[in-house]
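This report describes the strand pairing, backbone geometry and nonpolar core of the model shown below.

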Amino acid sequence: MVTTLNMYRYKWLLCLIGVLITTQPALALTPTHLLNYQDSYGNLSLKYSGDIRLPDPLVVNGDLNLENSQIKYLPLSLTIKGNLNLAYSHIEYLPLALKVDGYINLAYSKIKELNFGLQVYGDLSVAHTQLKKLPDRLYVKGDLFIQNSQLKALPNKLVVDGNIYIGNIPLTSIPSDLIIGGNIYR
């Protein structure tokens with residue numbers, strides 16, 4: 001009887017340890033920790049990193065590269081003076097207080113939604129994503145890449161100064177209020 005009770009407690013303890021290991025919270029990095037991932041130009045690269053929590057607010061003086069990272073959440077206030085690369089990342093939502101001076105690459109990411117009135121001062125790529133719609137009043141200074149995505153329509157009041165690449169999507173119509181500086185390519 002004692003052996004069975006001890007065996008039960010031992011199995012319960014192993015299960016508890018397993019749960020604690022698999023549900024471990026993301027490691028929080030401080031701005032000082034981030035210096036180890038920053039180059040002399042202010043670029044910050046956390047490619048292929050685990051699920052870590054970035055400091056909030058976060059200002060990056062160059063590019064922020066989170067390609068292939070396991071990071072799930074961005075800081076609520078994020079300023080990037082260069083480009084934002086979230087390709088193949090686990091990011092689902094962008095912060096409301098987001099300012100990026102360059103391009104935003106979301107290709108192959110797990111992004112679910114973009115912010116209303118998002119302004120991108122370079123190219124925007126949502127190619128190969130499960131994104132179902134783009135926000136109204138989206139502004140893209142560069143090119144817009146939406147090929148191989150789940151988009152069925154372009155948003156109202158879309159402004160793209162460059163080209164739009166729409167290959168392999170079930171786009172049925174183009175809104176009459178679309179402003180485009182370049183061309184639409186299939």
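How many bridges join strand β6 to β8? In this predicted model, 4 bridges join β6 (residues 77-80) to β8, and the two strands run parallel.

## Basis of the model

The model is predicted: local features need pLDDT of at least 70 and side-chain atom pairs count only at pLDDT 80 or more, while totals for chains, interfaces and linings use all residues. Residues are numbered from 1 along each chain as its sequence is written, and side-chain values use heavy atoms, with hydrogens and water left out.

The mean pLDDT (the predictor's confidence in each residue, from 0 to 100) of the protein chain is 88, and 85% of its residues reach 70 or more.

## The parallel sheet

Strands β4, β6 and β8 form, in that order, an open sheet of 3 strands with parallel pairing. Its edge strands, each pairing on one side only, are β4 (58-60) and β8 (97-100). On average, neighbouring strands of this sheet are turned by 5° against each other, direction ignored. Axes are lines fitted to C-alpha atoms, for helices over the stretch in contact, and angles run from 0 to 180 degrees between N-to-C directions.

L78 has L98 in β8 as its bridge partner. Strands are DSSP runs (E, at least two residues) numbered from the N terminus, and two of them pair if DSSP finds at least two bridges between them.

## Backbone exceptions in loops

Most residues other than glycine have a negative phi, and most peptide bonds are trans. D56 and P57 are joined by a cis peptide bond, with omega about 0°; P57 is found in the loop between β3 (52-53) and β4.

N68, which is not a glycine, has a positive phi of about 60° and is found in the loop between β5 (64-65) and β6. H128 likewise has a positive phi, near 60°, in the loop between β11 (124-125) and β12 (139-140). N68 is partly exposed, with a relative accessible area of 24%, and H128 is partly exposed at 30%. Buried means under 20% relative accessible area, exposed over 50% and partly exposed in between (1.4 Å probe, protein chains only).

## The nonpolar core

The largest nonpolar core has 43 residues, and L114, L124 and I146 have the most contacts inside it. β4, β6 and β8 each supply at least two residues of this core. Such a core is a set of buried Ala, Val, Leu, Ile, Met, Phe, Trp, Tyr and Cys residues joined through side-chain atoms within 4.5 Å.

Leaving aside neighbours within four places in sequence, L114 is in contact with L94, L106, L124, V126, L131, L134 and P135.

Methods. Contact means heavy atoms within 4.5 Å.
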